[in-house]
Amino acid sequence: MRMFLKLNSLRKPSVHVKAPGVLALRWRLQRCCFCSSPQNESSNISVLRHLTSKIKATGPISVAEYMKEVLANPVSGYYVRNDMLGADGDFITSPEISQIFGELLGIWCVSEWMAAGKPKHFQLVEFGPGRGSLVTDILRVFSQLGALLQSTNLSVHLVEVSPRLSQVQAQNLTGEDSQSARDENEPAYRRGTTATGLPVSWYRRIEDVPAFVSLSKPGFSLYLAHEFFDALPIHKFQRTERGWREVMVDIDPDMADRLRFVLIPAPTLASSTLIQADEQRTHVEVCPEGGVIIQKLTNRIAEYGGAALIADYGHDGTKTDTFRGFRGHKLHDPLEAPGTADLTADVDFSYLRRMAGTGVACLGPITQRHFLHNMGISIRLQVLLQNCPNAFTQRHLLQGFDMLTSPKKMGERFKFLALLNHQRLSSPVADTKSGKKPPAPLPVAGFSELGPLQGRN
Ligand code: SAH
């Protein structure tokens, strides 16, 4: 699409990009900067106690249940009580590394909104917004394109499980202009208004996000999920001579305060239902919660239009054992000191596509490197460099570009998947009276190569 930002504005660098060797793992490692505080050691003990009493009462728990308890327990969950984003916190993900990332996703959103015929009501929905940097950069793009979106009824909807992070997001997006809901049964647990007057709402689950503005006003929604699906609970399975068996978490019989993985001898409901009949691997991880969210997104997009863009590190149904923890800048045994380390597993994009089924059109997964190059990242970088006299910021921009796109860093490991309403890719029916051939649908930005004219003005 012939649209490129004339933006000169530079976001204040929020992270210091260090030596490439260290950076290779930093997007995950940085989340653990608070791990060794006494407060965390004591919460760690309470998480461990909670898990061991649960296991004593009901037997070994699935890895999915373990992950859910450790990350999202409403009282002690790693994400829920998370204070890693302190004043000097340097939580690193692509939107934190470079403003260009969010700006290009902003362009993607505008491009999809235009391809849908510029619907009057436009909901921007983000899952797991972290500290809100991605949505902030996207909204800056929207406001720079003010004339285009001027008469649009735009609203922002954030799905966030962490009260702590929702406060950080609220501060960054709305300053002081947000309030918690008085009634905890309200679908949105917090509401606010951005400096440019856009309404922002926070929810715990996708079900709470409005699917449309009102029965008479259809809403067009764009759903974004960056490094969200990798944090959702996975089940782990091992192929055995007697068929698939589930790997679970148990108390180590030799050390009562330690956990260990065990293979359950009999099939479980999960091992009988979640494995594909033609599965070739010997070890498989499945994320049913991610599958359910994809199905809900699919139903919404099929019924009301819109699109979803999912970006994460992952594979296409080829990897096996990827469950791991990160703490203190190192890989961490995921069963050790639960609650003090981030837990994650690579996203299986082939599973997400399968869960989307035929209800939507799927594009990708395409590598981050290709997606960002197709979106014109090099041109955007040049514009920013030309408008930036400061050598430190220039270096920061170049390092960020390298980190996001280099195949050895985030360029290959991270992938983009889009879910689109089928109409988006189908050619309109020819006008039988005039005999005029309808125009072909616009290409979906990021998923095909940038043409020679694109990105120029
Ligand atoms: N998207 C951000 C942050 C990624 S970290 C970025 O790329 O910088 C994962 C985010 O998902 C955090 O905001 C975390 O609190 C949130 N999260 C994790 N599990 C969640 C769940 N089950 N429901 C909603 N949000 C969740």
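How many aromatic pairs does the count come to? The count comes to twelve, where rings of Phe, Tyr and Trp (its six-membered ring) pair if their centres lie within 6.5 Å. This is a predicted model, in which local features need pLDDT of at least 70, side-chain atom pairs count only at pLDDT 80 or more, and totals for chains, interfaces and linings use all residues. Residues are numbered from 1 along each chain as its sequence is written, and side-chain values use heavy atoms, with hydrogens and water left out.

Take one pair. Phenylalanine 122 and phenylalanine 142 sit 5.7 Å apart, centre to centre, with 45° between the planes. That makes the pair tilted; planes under 30 degrees apart count as stacked, over 60 as edge-to-face and the rest as tilted. The two residues are 20 apart in the chain, phenylalanine 122 in strand E2 and phenylalanine 142 in helix H7. Helices (H or I, at least four residues) and strands (E, at least two) are DSSP runs, numbered from the N terminus. Phenylalanine 122 has a relative accessible area of 0% and phenylalanine 142 has 4%. Both are therefore buried, meaning under 20% relative accessible area (1.4 Å probe, protein chains only).

Phe101, Phe371, Phe416 and Phe447 form one aromatic cluster.

Now the sheet. Three strands form an open, antiparallel sheet in the order E14-E13-E15. Strands E14 and E15 stand at the edges with a single partner strand each, so one side of each has no neighbour in the sheet. Two strands pair if DSSP finds at least two bridges between them. Three bridges join E13 to E14. In E14, lysine 330 is the bridge partner of arginine 327.

Definitions and conventions. Buried < 20%, exposed > 50% of the residue type's maximum accessible area, 1.4 Å probe, protein only.
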